[in-house]
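Thank you for sending this entry; my comments follow as numbered points, arranged for someone who has not seen the structure before.

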Amino acid sequence: MDNNILPLRLRRGNSIKIGEASIEYKDDGTLVACDRYGCARAVVEEEEFVDIEPVPSIHRLYMETTYIYVDFTDRVYVSGKNEIYWTLAPIELEVGVNGVALIRLAPSKIKLTLIGDLIEGFIARYYKAPIVHKLDDLEVVSGAAIVGFRVKGDPVFLPGIGFNAGLVTFYRDRRGRLYYPLITVNTSGRIVSSRPTDSPPLEDLEAISTRRVDKTRLFSLAQSSPPFVMSIEVIRRQPIPP
Amino acid sequence: MENVDVVNTVKPNNVSTTSSFTTSILDKLREIFIDKAPTILEAAAIIVVSVFLALFIRQLMRKNLKMRIPGHVYKPLETAIFYLIVILGVVIALSPFGISLSGLILAGGFAGIVIGFAAQQSLSNLMSGIFLLVEQPLRIGDPIQVADVSGVVHDISFLSTRIRTWDGQIVRIPNNTVFNEVITNYIRTKARRVDIKIGVHYKSDLDKAINVIKELLDNHPYCLANPAPEVFVEEYSDSAIVLRARCWAPPPVWFTTKIEIQTKLKKVLDEAGVVIPYPQLDLHLVSSTADISVKIQDRKEK
């Protein structure tokens with residue numbers, strides 16, 4: 001994360017750049033925060049610091065969904081034998097003071113996608129990332145957190161995974177890398193369903209996020225959203241005639 | 001004199017009848033207002049209490065429930081609960097007078113027939129309103145088009161639907177009309193297509209034009225990754241190669257997406273050196289052997 005370990009505190013008179021987002025906290029208390037979609041200003045009275053925390057990437061540019069869908073750069077065959085895989089999912093930065101959120105920023109490009117059909121489907125935040133079997137092989141980029149997911153069920157070619165990120169907690173390892181909670185993925189025929197757990201994907205991770213977003217809107221959206229379910233294309237091998 | 005006598009003889013009788021009639025009315029009034037006064041007061045109190053209770057519950061619902069459930073569900077629910085409490089209060093208030101619920105329903109039935117003949121149109125609107133609330137082809141807050149009225153649904157009552165048009169006017173449409181018209185609801189699907197046509201010059205690099213437009217759509221945050229944006233040649237027209245750019249966007253931001261793409265399109269094409277031509281006409285002469293005399297005339301000479 002540009003050597004910046006989140007969450008962090010920014011003192012007056014300093015500025016910081018994380019991914020494509022930049023935050024400047026001027027001496028006169030003016031806070032200017034920008035991402036590729038625009039800038040926002042706020043005036044903070046009598047506070048020496050502003051806090052910058054990671055939040056799930058579901059707020060910018062408008063809150064349409066609490067789902068995040070990670071499209072794998074390569075389709076991967078998963079055996080469904082309770083194995084764990086690793087990928088990345090986007091985060092946003094929330095700038096706040098004393099638990100009051102002021103500005104949210106997207107440190108990476110925002111893209112949305114439709115999961116399912118036009119009538120019954122749903123919109124999810126879209127992100128393209130690699131999938132690896134060993135965490136060490138994963139290159140963590142700025143503006144993203146690590147996602148560990150455990151796959152159980154039928155073997156499938158998995159094009160991506162999604163999850164409801166509305167009320168998740170973030171974790172951090174000793175190197176300062178961010179993690180989404182462990183996602184469980186169940187595969188059954190063409191149906192892939194997944195949901196975040198309350199557990200970290202690894203032991204020895206520190207829970208860091210204390211959410212302070214507008215709970216009414218987010219909470220109702222996240223609560224009313226069922227687990228992420230998608231159907232995938234399955235190519236069945238034709239049986240060889242005797 | 002005879003007449004006078006007759007009058008004189010009749011007068012005492014008349015006075016006596018009027019007096020007994022007045023007495024009877026006064027007795028009746030006394031019976032109603034004095035003997036039954038406590039019951040009437042009780043009934044009035046019950047009605048007043050039920051109205052206050054209904055208002056209180058409505059307030060409570062607005063405070064606790066309105067933000068949690070969708071407007072299209074909340075509004076009919078609020079109306080139904082409010083009137084249910086008031087009607088229950090009226091029924092309870094009238095029961096000491098020997099007016100039962102079944103009697104009211106029967107009376108209502110007769111009244112319904114009478115009113116029905118008198119107000120067929122209103123009844124038709126009422127029935128259409130009920131069907132609209134049940135079928136829900138439109139909900140409060142939906143961007144819609146009904147007949148030639150386009151805007152956002154502001155309110156759906158039992159008799160009419162009010163639409164706030166895009167230019168900020170409130171249009172009241174009888175429910176009967178809404179129910180029988182073709183309704184286009186722009187928000188019922190999860191995505192809506194943005195369609196833009198643009199002409200590029202025949203001498204422009206077509207692949208380049210397609211690529212820069214595709215890139216613009218790919219980079220727009222509201223243009224969905226799936227269904228993927230597409231750009232293709234739609235027509236070889238008289239003055240330009242007409243390209244069509246399509247992408248899908250969530251309905252609440254459809255208009256924003258459309259105007260942003262339309263605005264940026266010219267800029268990216270200009271930057272890429274792709275020309276958007278004016279309408280033009282090439283004139284080809286069949287016989288080029290004959291000389292053509294051309295006279296350039298100053299506008300002032302005309």
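1. I begin with one residue and its surroundings. Leaving aside residues up to four places away in sequence, A:Thr113 touches A:Tyr69, A:Phe122, A:Ile123, A:Ala124 and A:Tyr126 in chain A, together with B:Leu224, B:Ala225 and B:Asn226 in chain B. Please keep in mind throughout that this is a predicted model.

2. As for its setting, A:Thr113 belongs to strand S10 of chain A, which covers residues 112–115. The relative accessibility of A:Thr113 is 2%, and because buried means under 20%, this residue counts as buried. A polar atom of the A:Thr113 side chain lies 3.3 Å from the backbone nitrogen of B:Asn226.

3. That pair leads to the interface as a whole. The size of an interface is often given as the accessible area lost when the parts come together. Here chain B and chain A bury about 1500 Å² between them, and 61% of that area is on carbon and sulfur atoms.

4. The contact draws 18 residues from chain B and 16 residues from chain A. Which polar links does the rule find across it, and how many salt bridges? Ten residue pairs are in polar contact across the interface of chain B and chain A, with both residues of each pair at pLDDT 80 or more, while the number of salt bridges found there is zero.

5. Turning to chain B as a whole, its secondary structure consists of eight helices and eight strands. Chain B has 302 residues, of which 28% are buried. The accessible surface of chain B is about 20300 Å², with 62% of it belonging to carbon and sulfur atoms.

6. One part of that surface deserves a separate comment. B:Met127, B:Ile130, B:Phe131, B:Val134, B:Phe158, B:Leu159 and B:Phe179 make a nonpolar surface patch of about 610 Å². Helix H5 of chain B, residues 120–135, gives the most to this patch, with four residues.

Note on methods: Residues are numbered from 1 along each chain as its sequence is written. Chains are lettered from A and ligands numbered from 1 in the order in which they are written. This is a predicted model: local features need pLDDT of at least 70, side-chain atom pairs count only at pLDDT 80 or more; totals for chains, interfaces and linings use all residues. Side-chain values use heavy atoms; hydrogens and water are left out. Patches are made of residues with over 30% relative accessible area and no salt bridge: like charges are joined within 9 Å, nonpolar side chains (Val, Leu, Ile, Met, Phe, Trp, Tyr) within 5 Å. Accessible areas come from the Shrake-Rupley method with a 1.4 Å probe; for residues, only the protein chains shown count as cover. A salt bridge is a side-chain nitrogen of Lys or Arg within 4 Å of a carboxyl oxygen of Asp or Glu. Helices (H or I, at least four residues) and strands (E, at least two) are DSSP runs, numbered from the N terminus. Contact means heavy atoms within 4.5 Å. Buried area is the accessible area (1.4 Å probe) that two parts lose on being put together, summed over both. A polar contact is a pair of N or O atoms within 3.5 Å; within protein, one must be able to donate a hydrogen and the other to accept it, and residues adjacent in sequence count only if both atoms are side-chain atoms. Buried means under 20% relative accessible area, exposed over 50%, partly exposed in between (1.4 Å probe, protein chains only).
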